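Visitor: Please take me through this structure, one question at a time.

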Amino acid sequence: MSSLIGAIDQGTTSTRFILFDQNGQIVAQAQKEHQQIYPKPGWVEHDPMEIWQNTREVIGSALRLAGGTAGELAAVGITNQRETTVLWNKITGKPVHNAIVWQDTRTDTLCARLSAEGGANWLRPKTGLPIATYFSGPKVMWMLENDPALRKLAEAGELLFGTIDSWLIWNLTGEHITDVTNASRTLLMNLETLQWDDELISLMNLPKAILPRICSSSEVYGMGRGILEGVKISGDLGDQHAALFGQTCFSPGEAKNTYGTGCFMLLNTGTRPVHSTNGLLTTVGYKIGSQPAVYALEGSIAMAGALIQWLRDNLGLIKSAPEVEELALTVKDNGGMYLVPAFSGLFAPYWKSDARGVMVGLTRYINKGHIARAALEATAYQTREVLEAMEKDSGVKLTTLKVDGGMVFNNLLMQFQADQLGVPVIRPQVAETTALGAAYAAGLAVGLWPGGFNELRANWARSAEWQPQMAEGEREELYAGWKKAVTRSFGWVEG
């Protein structure tokens, strides 16, 4: 079993542990969902202790399925929901607040305050990011501002801050670290130096001692304890960066789109950051050991799979997520209706925190099949908006799109995506590319793939491809309707 690599994939709705062989094939896996906590409208929280408990459980389950022990693993990598923010007591090891999830919008007034000096984009030159509720720096700032007791503990050096990767690595090894990809999503890291920026830390009034040490995405951070006793923990990437890496998008101009809870397209732009003028994020794609960091442009969409969960859990239109395709196929088109899922505001390319979800074009003709179809189409339209912004920023015209994530097994969505983009959409044989990317990073750090990137590229293979079939006129008419619908979501929340 020494050639097996483990990957902890800690996502927005569940935690998985997947074991991969040297060919990048799945040997065993286990998964467990965790509770979504909604204390107020727009607030989303997770229990960090539940996530840590689930992580241990799925590691144990997957190892039992593989018939091995942790000590036989070559290494373990971690990938995580990125901007979700944890604050914990380093003495007791217990969180002092529920994790504030990336979708959470409670920091909207705080972000407005931070933007007052120079607009929402004034930190972009340093961070590559707009000031938005999405990112983790304002979330921890909010925690300390809203609880004087936490502020006092933080100032006394008793609290630690981190995204979920830091929380898990600290529990596994005792090391308080993060990697450059997760750090690049905080509004606190300088994209050029790859270090915490004192000016940004001061702006958010944070004690520097609470911040984790920034490492590369592929190096040995420490040795596992407990459930992973003696195992090298050696890979750490935010989930979308891990998917870029797992899709082997190692060359500038290569892109992937992940269809998960949200939808995230990343384009490799090489070893220099490309600053967006079209509403995209500039982020670190990955950094392997001492090699130069590779940067990416990213388009982030808040609601993709989460919209299907909403149809299931809130509206009761379906009993399980895969049923949405069957329901959508009961109608031949969207019936003239659009669903704009701005439940947490709009992310790329709009960045409007005051937007909220709308359904437009409703008539007596509309039934639940049309709603299901409009929900799927919303993901494809939003992806097209992001792709168009990416092409403007990069000057690169994409010829194919590599896709991964849970929604890529929905054939109706994938065909509509190809139709809207006008390029082929390709799904790899191993669709769990997020976990695979973390496994690759961990394995490279311990020498499991001596052939490096070329050896990893050889593992990639396609399993399905969708070619555009829709006439140009119909494609543009539908998209124009979407663009009109999006404007109806603007400005819903007052000041």
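Visitor: At what angle do helices α1 and α6 pack?
Guide: In this predicted model, local features need pLDDT of at least 70 and side-chain atom pairs count only at pLDDT 80 or more, while totals for chains, interfaces and linings use all residues. Residues are numbered from 1 along each chain as its sequence is written, and side-chain values use heavy atoms, with hydrogens and water left out. Helices (H or I, at least four residues) and strands (E, at least two) are DSSP runs, numbered from the N terminus. The axes of α1 (residues 48–66) and α6 are 11 Å apart; with axes as lines fitted to C-alpha atoms, for helices over the stretch in contact, and angles running from 0 to 180 degrees between N-to-C directions, the packing angle is about 60 degrees.

Visitor: Is α1 oblique or roughly perpendicular to α6?
Guide: Angles under 35 degrees count as roughly parallel, over 145 as roughly antiparallel, 65 to 115 as roughly perpendicular and the rest as oblique. The angle of about 60 degrees therefore makes the relation of α1 to α6 oblique.

Visitor: Is the crossing of α1 and α6 left-handed or right-handed?
Guide: A crossing is left-handed if the near helix is turned anticlockwise from the far one by less than a right angle, and right-handed if clockwise. For α1 and α6 the crossing is right-handed.

Visitor: How many nonpolar, polar and charged residues make the contact of α1 with α6?
Guide: Pro48, Met49, Ile51, Trp52 and Thr55 of α1 meet Ile164, Trp167, Leu168, Asn171 and Leu172 of α6, contact meaning heavy atoms within 4.5 Å. Ala, Val, Leu, Ile, Met, Phe, Trp, Tyr, Cys and Pro count as nonpolar, Asp, Glu, Lys and Arg as charged, and the others, Gly among them, as polar. The contact of α1 with α6 comprises 8 nonpolar, 2 polar and no charged residues.

Visitor: Which are the edge strands of the open sheet of 6 strands?
Guide: Two strands pair if DSSP finds at least two bridges between them. The order is β3-β2-β1-β5-β14-β13, with mixed pairing. Pairing on one side only marks the edge strands, β3 (26–33) and β13 (218–223).

Visitor: Which residue in β3 stands opposite Thr15?
Guide: β2 (residues 14–20) and β3 are antiparallel partners over 7 bridges. Opposite Thr15, β3 places Lys32.

Visitor: What angle does the direction of α6 make with that of β5?
Guide: Helix α6 (residues 164–173) packs on this sheet, where its contacts are β1 (5–10), β5 (75–80), β13 and β14 (232–238). Relative to β5, the direction of α6 makes about 150 degrees.

Visitor: Is α9 oblique or roughly perpendicular to α14?
Guide: Helix α9 (residues 239–246) lies across β5 and β14. The axes of α9 and α14 (residues 433–445) come within 7 Å and cross at roughly 75 degrees. The relation of α9 to α14 is therefore roughly perpendicular.

Visitor: Which strands stand at the edges of the open sheet of 7 strands?
Guide: This sheet has mixed pairing and the order β17-β18-β16-β15-β21-β22-β23. Each edge strand pairs on one side only; they are β17 (281–286) and β23 (462–466).

Visitor: Which residue of β21 is the bridge partner of Asn257?
Guide: β15 (residues 255–259) and β21 pair in the parallel sense over 3 bridges. In β21 (residues 401–404), Leu401 and Val403 on one side and Lys402 and Asp404 on the other are all buried (under 20% relative accessible area; exposed is over 50%, partly exposed in between; 1.4 Å probe, protein chains only). The partner of Asn257 is Val403.

Visitor: Which residue in β23 stands opposite Val425?
Guide: β22 and β23 run antiparallel and are joined by 4 bridges. Opposite Val425 is Trp466.

Visitor: What angle does α13 make with β23?
Guide: Helix α13 (residues 411–421) packs on the sheet, touching β15, β21, β22 and β23. Its direction makes with that of β23 an angle of about 60 degrees.

Visitor: How far apart are the C-alpha atoms of Gln420 and Pro468?
Guide: Gln420 belongs to α13 and counts as buried because its relative accessibility is 1%. Leaving aside neighbours within four places in sequence, Gln420 has contacts including Tyr381, Arg384, Arg475 and Tyr479. Gln420 and Pro468 are 48 residues apart along the chain, and their C-alpha atoms are separated by 7.7 Å.

Visitor: How many nonpolar, polar and charged residues form the contact of α12 with α16?
Guide: Helices α12 (residues 368–394) and α16 (residues 472–487) pack at about 90 degrees, with axes 11 Å apart, so α12 is roughly perpendicular to α16. Among the residues in contact are Tyr381 and Arg384 of α12 and Arg475 and Tyr479 of α16. By class, the contact has 6 nonpolar, 1 polar and 6 charged residues.
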